[in-house]
Each structure stands twice: as structure tokens, then as C-alpha cells.
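Okay, thanks for making time, everyone.

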Amino acid sequence: MRFLADAQRKYRLAFDKLACRNASSVWDWIRPLTPAEAWNSGIWRSLDGELRRFFRSPRIREAFGSYAMYLGGSPYRLPGLFSILAYGELAQGLWLPRGGIHALARAIESLAAGLGVRILTGHRVRRILVADSAVTGAELEDGRLFESPVIVSNVDAPSTERRLLGRTGGAARAVRMTPSVMTLYWGMRRKPAGASHHTIFLPRDARRNYDSLIGRGRIPEELPFYMSIATETDPSLAPEGHSAIFLLVPLPLLSDLESWNMDELAGHLKSRILERLARHGIALERENLLVERTLSPADWAERFGLHDGSAFGAAHTLFQMGPFRFPNRDPAVRGLYYAGASTTPGTGLPMVALGGEMTAERILHDLP
Ligand SMILES: Cc1cc2nc3c(=O)[nH]c(=O)nc-3n(C[C@H](O)[C@H](O)[C@H](O)COP(=O)(O)OP(=O)(O)OC[C@H]3O[C@@H](n4cnc5c(N)ncnc54)[C@H](O)[C@@H]3O)c2cc1C
């Protein structure tokens, strides 16, 4: 209870005073905090250090520390303020939109359509057009041009710089990225015995594994991974009696996986996952796997524009938070704005949605 009360205070502090404001400087960012709030915010120590204040059991610390992976981070590096992740989930619960997460995208699409927004899907932007240090529009892959004095790019900000603005070397901002992922989507006959909707499989030696993955860019010896079987809660997401299984395996960034062929890596991970599931008594017979799809780090980079295949965008280190983070307004090109995981306030659907509002505020403020 002491932990929850403390995390609740941090949660309020983060959302009321820190995360949802466009701060113009470090001073402007921390100005609303009292000295006591700044001291107790937990940003001065790691999440693991913060958890040590409340829990003696290393297993409980590892369980709460694993929330760091929601931000693609390590509990030994992520600031202690992020005990708010565990708090958010424990206090507010987990929600599954009826129809799955795609139903949320559809609902937003229909709200936007109601406001007169035209959405073009399946059209890639080749480059953002700039003249005299101001944005003039965007060019699509098919050569079509769109003119506009304002562009908001939610293609991952470091990818926007490199791919759409052609910035190279020192012209592109140096950003420390979160790790990549391999995601596996399995359609299975029957329900896998012994499994539930959400399961996170942790390694025995957490510190060593996070250090491999995040510190050294290596595939950990004992893979941590997340398994979701949404059909356990909403059976309508698959044909009757079948299961829809999603697996997320954190991996090093694409640039650290150069020696791997992605198909071989997928096969290797699948075997290790099945072994681990069997060890926990979860029966997933290969012959019952009817549909299999995989998205590798290379797919995440190519299909979705994620810089170096990084799943969660820019890392949430102290020096990539608030005014230190990739800004949502380009400092060199007038009219160019960013939204999404790598800019402020940060990664994950809730933060990205709040970030969209912050970018909109910025634009309204800048408009003549
Ligand atoms: C496997 C995985 C699981 C996750 N799970 C969760 C979770 O459970 N909860 C949570 O809150 N967050 C989760 N996240 C994080 C969350 O999805 C991201 O933080 C969020 O989607 C980032 O939003 P964004 O707008 O920055 O980018 P995206 O959602 O990646 O949107 C960018 C869009 O731009 C498109 N695009 C790329 N290049 C171009 C181009 N040249 N032209 C036109 N369009 C382009 C992409 O196709 C994509 O649709 C997960 C992320 C991953 C990768």
C-alpha cells in the first residue's frame, strides 16, 4: 500500500505538472514542482532503486521492474518516476476494446471523418518539401504533391529526419533508441491449456538479460517475452473454439542484428518460445497452429518506418525527457511539427495521444 500511495503521488505529479506541457526550457519544465516534489519524483534514481525502497523480495522487484519494458526500457536504467506504469495498470486495470485494438483506430477514423478530415491510407510520403527553411508540402511515393505551410509528421521522428528530410550525419539529431521486437501472430485450433489472456515470461537473471539487450545490443540468453491471448477474454476475435495468440519478443536494434537472417531468427525464437511454454505446462502443439505471421525488426523498420526497427521510439532516459526529448517543433524548418513515440511526452498509445494534443497546441500558438 505504501508503494501504491507513493506511485499515485508520482502519477498525479507526472500528469498534472510534467508530461502534458510544452516546456520551452529545463527551467520552464521543472518550474511547477516544489523542491519536495522534485526530490521525491524518483527521476534521480533508477526504477529498480525506487522499488528497493518498498520491496525486499527480488522477485517482486523484477515483476514490477518489468513494466519498464512497456517503454522499451530496463528497470536498472529507466528513472524511478516510471513506477507510475505499475500504478496505472494496478489502479485503473486493463481494458480491451470490443473488437480489439483496431476498433479504436476505426472509432478515431469515424470521429475525424465527422470533422471533415480526409484520410488517405496506403500512400507513402517520399519526402517533405522545404524551401527557404520553411515547409511547403509533401511528395508521395507515386509522385503526387500536396502543398501546405504546416506538416505534422508522425512517422518516427528520427526516420522523418533521415528518410523524409534527407538529413544525414551531424545534421540528424543523435537519439538513443529503445530495442526492437519480433512479433508473432498465431491462429490456433483449440485453446492452449494452461494459458491466460496476459502472461509476461521473465528471465531468471533479470539484470544480466536487460544488460545484454539494452546495454550491449545482444539477444539475451534467456528471452523475456509477452504472450497475449485476447480470445481468452473475447472469443469473438477468432472462429469458434479457436485462439488468437500474439507474442512479443524484445530484441536488439536492427543494426545490432546484422549477422542474423530474419527468417532464421524467427524460427530460432519460435523454438525457444515453445520450449519455454512447455516448461510452464502450456501446451501449444505445432500441429494446431493453423495460421502464422511474423513481423521482424526489419519489417517494423521498413513497413512502419521505425528508426533502426526500434519498437518504442526514443528511449526515456533522463536526458531524453521533457525539454531534452526530440522536440515536437522542428528547430530548423518553419511549419514542420512532429507527433508520436519519439517526441514529447513519449511512447505508448496514451502518451502519443496526449502528445498529439500538445503538438496541436504548439501549432495553434505559432499560427499568425
Ligand atoms: C509490437 C508493439 C507493441 C506495442 N504495444 C503497446 C501497448 O500494448 N500499449 C501501448 O500503449 N503501446 C504499445 N506500443 C507502442 C505504441 O504502439 C507506439 O508508441 C505508438 O503506436 C507510436 O505512435 P506513432 O504515431 O509514433 O507511430 P505509429 O503508430 O508507428 O504510426 C506511424 C504511422 O506512419 C506510417 N508511416 C511510416 N512511414 C511512412 C511514410 N513514409 N509515409 C506515410 N506513412 C508512413 C506507419 O505505417 C504508421 O502507420 C507497442 C509498439 C509495438 C511496436
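Let's start with H1 and H6, whose axes are 9 Å apart and which pack at an angle of about 105°. That angle makes H1 roughly perpendicular to H6, because anything from 65 to 115 degrees counts that way. Bear in mind that this is a predicted model.

Who's touching whom here? On the H1 side, the residues include Phe3, Leu4, Ala7, Tyr11, Ala14 and Phe15, and they meet a set in H6 that includes Ile84, Ala86, Tyr87 and Leu90.

Now, nonpolar side chains in soluble globular proteins tend to get buried together. In our model, the largest nonpolar core has 26 residues, and among those with the most contacts inside it are Phe3, Leu51, Phe55, Phe64 and Met321. Which elements give two or more residues to this core? Those are helix H1 (2–18), helix H4 (47–52) and helix H6 (83–92). H1 supplies the largest share, with 6 residues.

Take a look at phenylalanine 64. Skipping its neighbours within four places in sequence, it's in contact with Phe3, Leu47, Leu51, Phe55, Ala86 and Leu90. There's also a second, separate core, with 25 residues, and Leu247, Met262, Leu265 and Leu269 are among them.

Zooming out, the protein is split into domain 1 (2–92), domain 2 (106–176 + 316–366) and domain 3 (180–304). The C-alpha centres of domains 2 and 3 are 31 Å apart.

Last stop: H7, residues 101–114, spans 21 Å from first C-alpha to last, close to the 20 Å expected. Just after H7, glycine 116 has a positive phi of about 90°.

How values were computed. Residues numbered from 1 in each chain as written. Predicted model: local features only at pLDDT ≥ 70, side-chain atom pairs only at ≥ 80, totals over all residues. Heavy atoms only, no water. Helix = DSSP H or I, 4+ residues; strand = E, 2+ residues; numbered from the N terminus. Expected span 1.5 Å × (residues − 1). Core = buried A, V, L, I, M, F, W, Y, C linked by side-chain atoms within 4.5 Å. Buried < 20%, exposed > 50% of the residue type's maximum accessible area, 1.4 Å probe, protein only. Contact = heavy atoms within 4.5 Å. Domains from an automatic or database assignment. Axes fitted to C-alpha atoms, helices over the stretch in contact; angles between N-to-C directions. Parallel < 35°, antiparallel > 145°, perpendicular 65-115°, else oblique.
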